[in-house]
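Dear colleague,

Please find the structure below, together with its sequence. My notes on it follow directly.

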Amino acid sequence: MIVLHRLVRLAVVLLVVTFLSYALLNLLPGDPVTQILGMSATEESRAQLRQQLGLDQPLLVRYLDWLGGLVTGDFGESYITRMSVGAELAERLPVTLELLVAAEVVALGLAVPLGMAAARRAGQPLDQALTALSFALLSTPVFVLGVLLILVFAVTWQVLPATGWTSLTTDLGWNLTSVILPAVTLGCGQLAVYSRLLRTDLIATLQEDYITLARARGLSPRRILWRHALRPSAISLITAIGLNLGALIGGTVIIETLFGLPGIGRLIVDSIFSRDYLTVQGGVVLISVGYVAVNFTVDLVYAAVDPRIRHA
Amino acid sequence: MRRWKTAAVVMLAVTVMTACSGQRPVETSQAEAPPAATGPTRGGRLVYGLSADGNGFNPITDQFAVQSYSMTTPIIEPLVSVDANGDWRPYLAESLTPNDAYDEWAIKVRPNISFSDGTPLTGEVVKANLEAQKASPLTAAVLAPVTAVELTDPMTVTVKLRQPWVAFPYQLSLQVGMIIPPASLADLKEASRTPVGTGPFLFKEYVPDNRMVVTRNPKYWREGLPYLDEVEFRILPDSQTRAQTLEAGGVDAVGTNRDEDVVKFGDMKDAYTVHRAQGMSVSEYVFLLNTAAPPLDDVRVRRALAHALDRDTIIKTLRGGLTEPADGPWSKDSKWYVDGGYPDYDLAKATALVQEVEADKGPIRFEAISTTDPNTMQLVELCQDMWRKAGIDVTIRQADQADLINRALTGDYGATVWTAFSAADPDGEYNALHQAFARPIGQISLNPTRLKDKQLSDALDAGRVTPDEAVRKQAYATVQQRLRDQMPILFIDHLNTGAVIAKTKVRGIGEHTLPDGEKGRPLTGAPIPYHPFAQIWVSE
């Protein structure tokens, strides 16, 4: 039942989001015809192409036409490359997905131990140092961090490639090597947010009576943290993971441009600049579905982490 | 237990660092001869960083920017090329012969050339290509003077023109002259993704926004070429990380238009070579002025704007002193250049003109359009400040490329930044400057300044129809004088910071000979130039 309810909500979200993005994009000055034909085409050539592409139709007609195609799984054809939008998205989705997953792994892999260490030593020099590090990471724009990491690891030490991408299926080793710097750059901002959230919640949890009882029973601080405090303190962290997905996808645009990765973010931004409406729409649908799906998963994870939510 | 864990972590770290060390394994060179200090060596692989991807590789349906030419010309070749003196030379064509009136051109196709799919290059194929170009909305305007394309004999095509056109062959050195086989003509969509041609390289792989790989064409019609086994074009849109990738060894050469790269890598002469475009290949950075709308419909305002601009300060401040001030569409090292008549920087004159206009018509206010990148914004803000000192109130509107082009074409602007004028022959600017292409505001105008000047247009016509170089020089001298007098365009500088930077092991960039032995034009295109790849070699 809850799944059906979510699916209905997803459909509504998609309708609203895709219509708004379609309308906003069409409100932008300029159209794909200028991008396709450039400066030297005549008025007649432009009118002919506009008609061929269906751009002479009213906005609502074009939107409904696109929506009808979407229902049958047809995302349409790019105005600029004349390739199937579905195929273009499918080609780029693995790149962005891998980048997002790798960034989350970096962020969570470091945020959990750092957050726990800071909570355990709240107010002490280690906690203060980690707080300073978190604020430094939060206030450093990703493009600055990316350039710095390239300078250190690629230009100076030459242990990682500066830019470029090899797919997982082509060469696993080279793929992992090429994703490290982009993932660390993207993950660092999240790392700061996650570690601060976890630290705050853990400090509150460590004040609870059952923790005092556990201490009284003689359990080691490490066991208390990992076994008794972490799980109930993870709710905010899990919420943040779901909600931050949007910010993370926004970040991929910069990261993909900086590191020359052929992902969805770059495709959407390039398509906005070239007024390639259908490609943007395809990207918007994909991101909307992903966002709703991740947050739905987060809701399910809540129940698994905290039985009180399941029973409620 | 703890010791075991520590050992495992150390081993894992060592494994990861080993896997991560160094760059991508370099493919073994397939050199057929040992490297020689005196001449080209065959074999090797070149990784070349480009600033953007192409929209497609079909010259009939896809608009070619400079990066498209870089990626496509190794595979698809044109009928004509341009030599180091700026004169056109036959390439896939063996000869191009005009009739006495220059309103017919007989294009004789070079014999014994085949496409990589085995189809021979014939007059019939050239005819089909030119007809497809003529029918394409993308290129129809360029070929508007063409009335018919006829097959005179199996290897000769005659192009009939509506009017004499002496510079017609130059058009065939560009997109409209690039020849694809019948199979590509039959499937234009497939040809966009899988280019086939007569060129020195064969298409191997393309991943959009990532890379394109081309390999040596073993049956290339020019004997002994190409030197390289393979070229990989890597799409790296960020200029800073593109330069860092060159430093890190991830690519062997990159295109750039960043002043700091030209200076920085230029200082490292032992490790890198910097190749910059020169002469007619260099585009000019300008402000287009909308002469059809007030206040810029008044030539006094346009001249005041020019007098108020201190181009030397702009170049010193924003270009690191690397570029040359421009006073017209052609640079001083071009044979078409004539000196004199451009309004000098003179704030007193600018202010006097402004006061004269204001006495007649009131305050002068207009909007200048800038692209959104910070470098352009800095330039427009600097100009805004200079104009303000002369009493002209300019507001700045930021627009992305699509919006800016659309506004220029429809006349919805006062002034706008622009780069133009990199055609090999002055006739290449015909449509953009001629009054026949100026349309009222609201309509698409291929002449974006909408200046209707009979003397200027007559001079452009004279340059188009006469073969006499002295007469042509006189005609284009008039064009420059009229532009300086009427000022539909504010010229800032010749953008010669467009460059290709390569490791010193990469040889032959910009040094190539044409099929009949002439030295070819080194680099061309703006803002980042391109060049042929057939005669590039790696000295390892």
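The buried residues of helix 13 of chain B are covered by elements that include helix 2 (32-37) of chain A, as well as strand 13 (284-289), strand 15 (365-370) and strand 17 (415-420) of chain B. Cover here rests on contact, meaning that C-beta atoms placed from the backbone lie within 7 Å. Helices (H or I, at least four residues) and strands (E, at least two) are DSSP runs numbered from the N terminus. Helix 13 spans residues 401-410 of chain B, and its buried residues are B:D403, B:L404, B:N406, B:R407, B:A408 and B:L409. A residue is called buried if 20 or more other C-beta atoms lie within 10 Å of its own, exposed if 12 or fewer, and partly exposed in between, with C-beta atoms placed from the backbone. After helix 13 of chain B comes B:G411, with a positive phi near 80°.

The model is a predicted one: local features need pLDDT of at least 70, side-chain atom pairs count only at pLDDT 80 or more, and totals for chains, interfaces and linings use all residues. Residues are numbered from 1 along each chain as its sequence is written, while chains are lettered from A and ligands numbered from 1 in the order in which they are written.

Chain B also holds an open, antiparallel sheet of four strands in the order 4-5-7-6. Strand 4 (93-98) and strand 6 of chain B are at the edges with a single partner strand each, so one side of each has no neighbour in the sheet. Neighbouring strands are turned against each other by 20° on average, direction ignored; axes are lines fitted to C-alpha atoms, for helices over the stretch in contact, and angles run from 0 to 180 degrees between N-to-C directions. Helix 3 (residues 123-135) of chain B packs on this sheet and touches strand 5, strand 6 and strand 7 of chain B, its direction making about 170° with that of strand 6.

Two strands count as paired if DSSP finds at least two bridges between them. Strand 5 (residues 104-109) and strand 7 (residues 156-161) of chain B are joined by five bridges, with B:I107 opposite B:V157. Six bridges link strand 6 (residues 146-153) of chain B to strand 7 of chain B, where B:V146 faces B:L161. A hairpin through two residues connects strand 6 to strand 7 of chain B.

Yours sincerely

How values were computed. Contact = placed C-beta atoms within 7 Å.
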